[in-house]
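Please read the following report alongside the sequence and the coordinates.

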Amino acid sequence: MLANALPTLIFYLLAAISLTLAWSVVTGRRILRAAVSLMGVLAASAGLYLLLDSPFLAGVQVLVYVGGIVVLLVFAVMLTRTTELLEDHPTRGRQLLGGAVALTFFGLSYCMMTAPVFANRALTALPKNDVAAIGRALLDTGENGYALPFEVVSLLLLAAMIGGIVIARKPAALVKSEVHHG
Amino acid sequence: MAWQVKTIAQRTGELLPGSPWTAALYVLLTILAVTAFVTVAGLVLIYAERKIAAHFQCRVGPMRVGWHGVLQSIADAIKLLMKEDVVPRDADALLHILAPVLSFAGMLLVMIALPMSPSLQVADMNIGVLYVTAVSGLGVLGILLGGWSSNNKWSLLGAMRAGAQIISYEVSATLALLVVVVFAGTLQLSGIIQSQDTGWWIWRAHGCGLVAFAIFMIAGTAEINRTPFDLAEGESELTAGFHTEYSGLRFSFFFLSEFLNMFVLAAMASTLFFGGWMPLHVGPSGVGGHFAAFNGVMDLLPPGLWFTLKTTAIIFLLMWFRWTFPRLRVDQLMRLEWKILLPIGFVNLFVSAACVVTGFYFFAR
């Protein structure tokens, strides 16, 4: 009995932690505290993946989101002035826009959750809980392989990276004038 | 001879169906043991660092408390615990308290995965190497938050430097890790050790292992913020960097995790490149191996001792670095990573992949 009750208990614990921290991400007034709460939310979802018997996904979640995204987020906040990020009194237009986006998202998620398309047909294509199997599936070009999605995602990331470099790069004229004036 | 790996997690799992309370007690004892190990290892490392530093500089180091000053660390620890714990007035108190805890947690969670001997490892995860890389990312978050929440310009600068440095060098360290993963064909730490039954990866891979080890040591030293990469707390420029405003217990948390990170780095390096607890073997040990007798002699030393010896040797190397190389400038630091280490790391990874595909390495199966 204990063995059955424990995962359920852990699930509700993780869910409660996620929801509480997610609430404080949105409502928190200090941006860095919000980032820390976000880290908690992401770590809790890694815990949920562990509960679903996918340790690899949990590891990647911690590596990419907690160790990568949140660290970059904190870094970006530290580089900018915090006062610019605080918006105490958003304009009416922004409030309306925000509300509309939130409503649309809620509607979409509601439709997704209630629509009966969540058949288990994809389950056969899922690799076992084994890193080697996941690796082979990622490079498999066959029926159940993920080579194409993997390459598409790589291309997307490459484009994002080049975009980032182009935006961050100083214009050539500016570099030249800096060289001249020392 | 095949090594039977049995972790503490497995033993707990065996206890769980019969007597859950015994299992719970076992877990509690494990937690206590890990905590005790971390504390004692921290004290020993601090003492060793001071003694070794002293002898490198032709001094004698701590001599007064106990025989040759062996009790000095304990005296210092008691002093730190008695100190007033100050939170700066305009600091973000919550984050100020959270930061050292995060840093410490990052180190402690890695500790769980370290294989110290076939019978002494808390948990042997299928995703071992990935887990270690992922969890050690918490440490940098602790440093960043500590620097920010102190509300001090030196802390902030130190934290920014540390963050930039750790994020950059993580790439090279991971590339070096991947070389061993490619050769061993597994992410499991005990599996990586078992794969070195016929020789350590540093020798078996025609130089790939050697290059990867060098990159791993350089990048690892940068990740744990030790000299020559200690810009984050360069005391001549930033007083003490990100932990300028920390005192008492919370400072000791940062301090302890920094020293234990050195242990973690050394343990990981010995696990990946020097076979961890695996004795020095040349070729297969069974009947027909040319060096079977040699391997048998090497097996006389217990695996736990092998692990300790290798890890200690690498820790000594890290302390040696500190008194050999001058500190790098920020631009030199970034150039070293992005223009030198990273290209070498990528080429090395490709060459090792080619070696694995063609079976062109010593004692390939």
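The sections below describe a predicted model.

## Confidence in chain A

Because this is a predicted model, the confidence values deserve attention before the details. The mean pLDDT of chain A is 81, and 80% of the residues reach a score of at least 70. Within chain A, the lowest confidence falls in helix H4 (residues 82–85), where the mean is 55, whereas the highest falls in helix H7 (residues 147–168), at 90.

## The interface between chains A and B

The contact between the two chains involves 26 residues of chain B and 25 residues of chain A. The area buried between chain B and chain A comes to about 2100 Å², and carbon and sulfur atoms account for 84% of that area. On the chain B side, the residues that lose the most area to chain A are Leu141(B), Trp148(B) and Met160(B), which together make up 25% of what that side buries. Between chain B and chain A, the count of salt bridges is zero.

## Salt bridges in chain B

Over all chains, the structure holds five salt bridges. One of the residues involved in such pairs is Glu49(B), which is joined with Arg226(B) and Arg322(B) in a network of salt bridges. In the pair of Glu49(B) and Arg226(B), the closest N and O atoms are 2.9 Å apart. Glu49(B) belongs to helix H2 (residues 20–56) of chain B and Arg226(B) to the loop between H10 and H11 of chain B, so this pair ties together parts that lie 177 residues apart in sequence. Glu49(B) and Arg226(B) are both buried, and for Glu49(B) the relative accessibility is 6%.

The side chain of Glu49(B) also meets that of Arg322(B) in a salt bridge, with 3.0 Å from N to O. This pair again links distant parts of the chain, with Arg322(B) in helix H14 (residues 303–322) of chain B and Glu49(B) in helix H2 of chain B, 273 residues apart. Arg322(B) is partly exposed, its relative accessible area being 31%. A further salt bridge brings together the side chains of Asp76(B) and Arg50(B), at 2.8 Å from N to O. Since Asp76(B) lies in helix H3 (residues 72–82) of chain B and Arg50(B) in helix H2 of chain B, the pair ties together parts that are 26 residues apart in sequence. Asp76(B) is partly exposed, with a relative accessible area of 23%, and Arg50(B) is partly exposed as well, with a value of 35%.

## The surroundings of Pro228(B)

Pro228(B) is located in the loop between helix H10 (208–223) and helix H11 (235–238) of chain B. Its relative accessibility is 7%, so Pro228(B) counts as buried. When its neighbours within four places in sequence are left aside, Pro228(B) is in contact with Thr221(B), Phe325(B), Pro326(B), Arg327(B) and Leu328(B). By contrast, the C-alpha atoms of Pro228(B) and Leu187(B) are separated by 30 Å, the two residues being 41 residues apart along the chain.

## Aromatic rings

The structure holds 19 aromatic pairs over all chains. Among them is the tilted pair of Phe104(B) and Phe253(B), with 4.7 Å centre to centre and 55 degrees between the planes. Phe104(B) is part of helix H4 (residues 93–113) of chain B and Phe253(B) is part of helix H12 (residues 248–273) of chain B, so the pair ties together parts that are 149 residues apart in sequence. Phe104(B) counts as buried because its relative accessibility is 13%, whereas Phe253(B), with a relative accessible area of 28%, is partly exposed. Phe183(B) and Tyr361(B) form an edge-to-face pair, at 5.2 Å centre to centre and with 80 degrees between the planes. This pair links distant parts of the chain, as Phe183(B) lies in helix H7 (residues 153–184) of chain B and Tyr361(B) in the segment after helix H15 (330–358) of chain B, 178 residues apart. Phe183(B) and Tyr361(B) are both buried.

Ring pairs also link a cluster made up of Trp200(B), Phe213(B), Phe216(B), Phe273(B), Phe274(B) and Trp306(B). A charged side chain meets a ring where Arg204(B) lies over the face of Trp201(B), at 4.1 Å from the ring centre.

Definitions and conventions. Residues are numbered from 1 along each chain as its sequence is written. Chains are lettered from A and ligands numbered from 1 in the order in which they are written. Side-chain values use heavy atoms; hydrogens and water are left out. Rings of Phe, Tyr and Trp (its six-membered ring) pair if their centres lie within 6.5 Å; planes under 30 degrees apart count as stacked, over 60 as edge-to-face and the rest as tilted. Helices (H or I, at least four residues) and strands (E, at least two) are DSSP runs, numbered from the N terminus. Buried means under 20% relative accessible area, exposed over 50%, partly exposed in between (1.4 Å probe, protein chains only). A charge sits over a ring if NZ of Lys or CZ of Arg is within 6 Å of the ring centre and within 35 degrees of the ring normal. pLDDT is the predictor's confidence in each residue, from 0 to 100. Contact means heavy atoms within 4.5 Å. Buried area is the accessible area (1.4 Å probe) that two parts lose on being put together, summed over both. A salt bridge is a side-chain nitrogen of Lys or Arg within 4 Å of a carboxyl oxygen of Asp or Glu.
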